[in-house]
Amino acid sequence: MSDGNFESADDLAREQPLLRGSVCLSCRDHRTIVSGRGSVFLLCQSDHTPPQWPKYPRQPLHSCPYWSAEDPD
Ligand code: SF4
């Protein structure tokens, strides 16, 4: 698995019908993973989720109590 360039990976994620509406894409704790076959997954790296929270939440995730805004540049 390779995540490549983050901006490009997120652009790719937004092209996926299942992912484009995901709240994870606007969360600072997501990481977009692109497999060698071109499949795109959204990994949750939040430190605030409970232990049973999935690393790869079922998508599309429309709301999340652990969502955090991206850090301002
Ligand atoms: S905290 Fe919630 S919104 Fe953020 S990446 Fe994890 S599952 Fe997605």
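Buried means under 20% relative accessible area, exposed means over 50%, and partly exposed falls in between (1.4 Å probe, protein chains only). The model is predicted: local features need pLDDT of at least 70, side-chain atom pairs count only at pLDDT 80 or more, and totals for chains, interfaces and linings use all residues. Residues are numbered from 1 along each chain as its sequence is written, and side-chain values use heavy atoms, with hydrogens and water left out.

**View 1. The Trp53–Tyr66 ring pair is edge-to-face.** Trp53 is partly exposed, at 24% relative accessible area. Tyr66 also counts as partly exposed, with 24% relative accessibility. Rings of Phe, Tyr and Trp (its six-membered ring) pair if their centres lie within 6.5 Å; planes under 30 degrees apart count as stacked, over 60 as edge-to-face and the rest as tilted. The ring centres of Trp53 and Tyr66 are 5.0 Å apart and the planes stand at 80°, so this pair is edge-to-face. The pair links distant parts of the chain: Trp53 and Tyr66 are in the segment after S2, 13 residues apart.

**View 2. Phe41 and Tyr56 form an aromatic pair.** The whole structure holds two aromatic pairs. In the pair of Phe41 and Tyr56, the centres are 6.2 Å apart, with 80° between the planes, which is edge-to-face. Phe41 belongs to strand S2 and Tyr56 to the segment after S2, so the contact ties together parts 15 residues apart in sequence. Phe41 is partly exposed at 36% relative accessibility. Tyr56 is partly exposed at 40%.

**View 3. The ligand sits in the largest cavity.** A molecule sits in a cavity or pocket if more than half of its atoms lie within 2 Å of its grid points.

**View 4. The largest cavity has 15 lining residues.** On a 1 Å grid over the protein atoms alone, a cavity is a set of points where a 1.4 Å probe fits but cannot get out; lining residues have an atom within 4 Å of a point. The search of the whole structure finds one cavity of 30 Å³ or more. The largest cavity holds about 110 Å³ of space. Nearest its centre are Cys24, Cys27, Asp29, Cys44 and Cys64. Strand S2 (residues 40-44) gives the most to the lining, with three residues. The lining divides into 11 nonpolar, three polar and one charged.

**View 5. A cis peptide bond joins Gln59 and Pro60.** Omega is about 0° at this bond. Most peptide bonds are trans. Pro60 lies in the segment after S2.

**View 6. Arg20 lies in the loop between helix H1 (6-14) and strand S1 (30-34).** Helices (H or I, at least four residues) and strands (E, at least two) are DSSP runs, numbered from the N terminus. Arg20 is exposed, at 52% relative accessible area. The C-alpha atoms of Arg20 and Asp10 are separated by 9.4 Å. Along the chain, these two residues are 10 residues apart.

Key: 1 Å grid on protein atoms, 1.4 Å probe; cavity = no way out; pocket = protein on both sides within 12 Å on 5 of 7 lines; lining within 4 Å. Points joined across faces, edges and corners; volume = space filled by probe spheres on them. Nonpolar A, V, L, I, M, F, W, Y, C, P; charged D, E, K, R; others polar.
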